[in-house]
Amino acid sequence: MIHFAHICPTAYLYDYAKYNTAHLILAHLVEEDGQYRNFYKNLNDGNPKIMDNSAFEMWKQNKPMYPTDKLLEMGRACNAQYIVMSDYPGEPWEKTRDAAIELIPKFKDAGFKTFYVPQGPIGDVESLLQSIEWGIDNKDIDLIGISILSTPNAFGVERNNRLQRYLSRWEIFRLLKERRRPGDSTYQRFHCLGMVDGPNEIILLKEFNHYIFSWDSSAAIWAGINDISFDKSPTGLVDGKFEKEVDFGHKQSLTYKQETLIINNIDYINKLVK
């Protein structure tokens, strides 16, 4: 089974976090939102708690990456078990590697597990594969994040090319399997960060499920809030990803229809990961 984290706005955490088998916590919200921070600080359901460094959100908003020196502080504030180390989308892969080399001993000494997110220049597949392989070969890295940003970036298809974007993570896993024989170093070593154009990517990656420890997405809850249901199209979302960024401050009362869509969407994903 793949552990799955359904990401949702703060106001609905008590309603929907109980459907998670993992939790993906955003560092910038831990700092800015007391309700969000305290929910995760006090949550003790036995499922893995991973604190993300918010790189995806910052990159999308053209903002600087979350400061490295605050990651440990925020990790303690929400009682995370894993912390995502600093990563640099679109930049030479060695920059993310060098940050990991610096941070691994600090995170380990502080009692956290390490989470490495390989990156590389846009249009450079080889650099991303080298970055992933470096993570596989480093025994001090507990999880390796394969993201919806790094993989389409590697093929130069992150924007305005939904078909290729949808297939890009599958292709990276396929190339990785070609390059090295799966074994203990890859078994349940990966986390899929986010989901792009439909929940059926879980089916698409079925042959690589033994690689994947955990996965996260806001798709089920955020789509439901916006009156969108997963469907019977090839990707599970006929119009692809709902591109409006998640509003974590959304507080409006949900209609019965929205609540039903959210639960149906969550059930759809949870059945797939089992």
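Cys8 is buried, at a relative accessible area of 2%, where buried stands for under 20% relative accessible area, exposed for over 50%, and partly exposed for what lies in between (1.4 Å probe, protein chains only). The model is predicted, so local features need pLDDT of at least 70 and side-chain atom pairs count only at pLDDT 80 or more, while totals for chains, interfaces and linings use all residues. Residues are numbered from 1 along each chain as its sequence is written, and side-chain values use heavy atoms, with hydrogens and water left out.

A disulfide is a covalent bond between the sulfur atoms of two cysteines. The criterion applied here is a pair of cysteine sulfur atoms within 2.5 Å, and the structure holds zero disulfides. For Cys8, the closest cysteine sulfur belongs to Cys78 and is 15 Å away, which is too far for a bond. Cys192 is also buried, with a relative accessible area of 0%.

Strand 1 comprises residues 3-6; strands (E, at least two residues) and helices (H or I, at least four) are DSSP runs numbered from the N terminus. Strand 1 pairs with strand 8 (residues 212-217) in the parallel sense over four bridges, pairing being assigned if DSSP finds at least two bridges between two strands. Within strand 8, Asp216 stands opposite Ala5.

Twelve aromatic pairs are found in the whole structure. Rings of Phe, Tyr and Trp (its six-membered ring) pair if their centres lie within 6.5 Å, and planes under 30 degrees apart count as stacked, over 60 as edge-to-face and the rest as tilted. One of these pairs joins Tyr14 and Phe39 edge-to-face, at 4.8 Å centre to centre and 85° between the planes. This pair links distant parts of the chain, with Tyr14 in helix 1 (residues 13-16) and Phe39 in helix 3 (residues 34-42), 25 residues apart. Tyr14 is exposed at 60% relative accessible area, whereas Phe39 is buried at 9%.

Tyr36 and Tyr40 form another edge-to-face pair, 5.1 Å centre to centre with 65° between the planes. Both lie in helix 3, four residues apart, about one turn of the helix. Tyr36 is buried at 2%, and Tyr40 is buried at 4%. Ring pairs link Tyr14, Tyr36, Phe39 and Tyr40 into a cluster.

Charged side chains also meet rings. The charged end of Lys95 sits over the ring of Tyr88, 4.6 Å from its centre; the criterion is NZ of Lys or CZ of Arg within 6 Å of the ring centre and within 35 degrees of the ring normal. Arg97 lies over the face of Trp93, 5.1 Å from the ring centre.
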